[in-house]
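The sequence and the structure are shown first.

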Amino acid sequence: SVLVIAIYSLLFGKRSRLIREFLPYLSILGVYLFWRWQVLGGLGSGATEYVFNFLIQESTWVRILTTFKILGLYLFRLVWPWPLSVDYSFNQISAVSSPLDPGFLVPLVALILLIGAFAATLRRRPVVAFGIAWFLSIGSLIFLNGLFPYGVLFAERLVYLPGIGLALAATSVLARATLEKPIPRVLPFATAAAVVLTAFVWSTVDRNRDWADNLALFSSAVRVSPLSTVSHGNLATELFRLGRYDEAGDHFRQAIAIFPGYAQGHRGLGYVALAKNDPITALDHFRECAILAPDDEETHIAFATALMRLERFEEAREALEYALTLNPRTAKTYHNLGFIASRIGDTNGAIRYYERALTIDPTAPQILLNLGISYESQGRMQEANEMFERFLATPPGRFEKQKAAVRRRMSGG
């Protein structure tokens, strides 16, 4: 908001007072940026992943050319916002490597026209000029994401705020063309506006269907962005959650075919193999994932799970201990170590691990159940019953059969 007001003041206000008037706001901004740098180690939101912005590994020349393509895509979406997608990750948007590529030339012409329109309306139509300046100044913060890669390369939501500027300019032009004009001259503009408005209402209703649930949302993303790695990965993850393992596996494989370095795809195929009771195949996928993302804690935990299925407990314990070096505050890691200890007859060790897991996640049903069983095996019935009662108090879910067994156990049945 401060930037918008500053643009207006710069164009139409007293420029000599601009710095003095906005110095307090600039001071606040400076303090914010300083503390953001201290806390996050930079001004960005974190490391940019190749799959979300592949330009991090491209030359400056390719970044410059592709930045124009991103501008063109945003302008196109403002004019024709259909169909839409929640994801445009690698390789849905291709790089531009030649200045003769239409992906560079068309947006370049559009930019020249916008700058020309700004210059032509600066004195005669200040509202139009302000709207164009709004779009170009605020929009540059996202368009330059290609030249200085951070976050995602392209996302429809990012054009909402700069798009207001072009909407303001267009409204001003339309108002000037229709106000105080005879009805016959206004009718074509009104008809065109009604058609556009109706089309936008229809596209909104159509888009709302995509947000019915995750399956609908990610399915629509794959339809609109069939070359997007993450779109296929998200759909595969949702299909896996719904127990549709074959379809999930197909989309994980499509994601990997688009981007072979997609570690989450290999991990997803490992989970699919585990769900199909094929731990040996799962191990192969988890190994591949660990090569691509050696510091991914979840992969090492999953790798250990497959080893546990094969009763290779010592190897599983080593994988879990390595996972602890990556993150010592994961309840699942300690729970799995407790399970291994219980399987090799080390009940005291199992209890120590379960208790540590419970300090991290005090309401996890599986931890409460297994800790209660371990206490019971040592005759510590008061502590066992406490764990069983807490287990029974957890929300309904996939442990209902175990809860029925615990109730019979506690009642002596």
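## Basis and accessibility

A residue counts as buried under 20% relative accessible area, as exposed over 50%, and as partly exposed in between, with a 1.4 Å probe and protein chains only. The model is predicted, so local features need pLDDT of at least 70 and side-chain atom pairs count only at pLDDT 80 or more, while totals for chains, interfaces and linings use all residues. Residues are numbered from 1 along each chain as its sequence is written, and side-chain values use heavy atoms, with hydrogens and water left out.

Helices (DSSP runs of H or I, at least four residues) and strands (runs of E, at least two) are numbered from the N terminus. Contact means heavy atoms within 4.5 Å.

Arg 267 lies in helix α11. Its relative accessibility is 12%, so Arg 267 counts as buried. Apart from neighbours within four places in sequence, Arg 267 is in contact with Phe 286, Cys 289, Asp 296, Glu 298 and Thr 299. Leu 84 is 183 residues away from Arg 267 along the chain, and the C-alpha atoms of the two are separated by 28 Å.

Glu 156 is placed in the loop between α5 and α6. With a relative accessible area of 13%, Glu 156 is buried. Leaving aside neighbours within four places in sequence, the contacts of Glu 156 are Arg 77, Pro 83, Leu 84, Ser 85 and Tyr 88. Ser 374, in helix α17, is buried as well, at 7% relative accessibility.

## The largest pocket

Pockets were found on a 1 Å grid over the protein atoms alone: a cavity is a set of points where a 1.4 Å probe fits but cannot get out, whereas a pocket is an open set with protein on both sides within 12 Å along at least five of seven lines, and lining residues have an atom within 4 Å of a point. Grid points are joined across faces, edges and corners, and a volume is the space filled by probe spheres set on the points.

The largest pocket has a volume of about 1300 Å³. Its lining has 42 residues, and Arg 77, Leu 78, Val 79, Pro 81 and Phe 200 lie nearest the centre. Two or more lining residues come from each of α3 (60-79), α5 (126-143), α6 (160-178), α7 (183-210) and α9 (229-241). The largest share, nine residues, is from α6. By class, the lining has 29 nonpolar, eight polar and five charged residues; here Ala, Val, Leu, Ile, Met, Phe, Trp, Tyr, Cys and Pro count as nonpolar, Asp, Glu, Lys and Arg as charged, and the others, Gly among them, as polar.

## The second largest pocket

The second largest pocket has a volume of about 890 Å³. It is lined by 28 residues, with Lys 332, His 335, Asn 336, Gln 366 and Arg 398 closest to its centre. The elements giving two or more residues to this lining are α11 (263-275), α13 (297-309), α15 (331-343), α16 (347-360) and α17 (365-377).

Helix α17 gives the most, with seven residues. The lining of this second largest pocket divides into 15 nonpolar, nine polar and four charged residues.

## Packing of α16 and α17

The axes of α16 and α17 come within 9 Å and cross at roughly 150°; axes are lines fitted to C-alpha atoms, for helices over the stretch in contact, and angles run from 0 to 180 degrees between N-to-C directions. The crossing is left-handed, a term for a near helix turned anticlockwise from the far one by less than a right angle, with right-handed used if clockwise.

On the α16 side the contact is made by Thr 347, Ala 350, Ile 351, Tyr 354, Glu 355, Ala 357 and Leu 358, and on the α17 side by Ile 367, Leu 368, Asn 370, Leu 371, Ser 374, Tyr 375 and Ser 377. By class, nine are nonpolar, four polar and one charged. Beyond neighbours within four places in sequence, Ser 374 is in contact with Thr 347, Ala 350, Ile 351 and Tyr 354.

## Backbone features

The bond from Trp 82 to Pro 83 is cis, with omega near -10°, and the bond from Phe 90 to Asn 91 is cis, with omega near 15°.

Asn 277, a residue other than glycine, has a positive phi, near 60°. Asn 277 lies in the loop between α11 and α12 (279-292) and counts as exposed at 61% relative accessibility. Glu 311, also not a glycine, has a positive phi of about 60° and is found in the loop between α13 and α14 (313-326).
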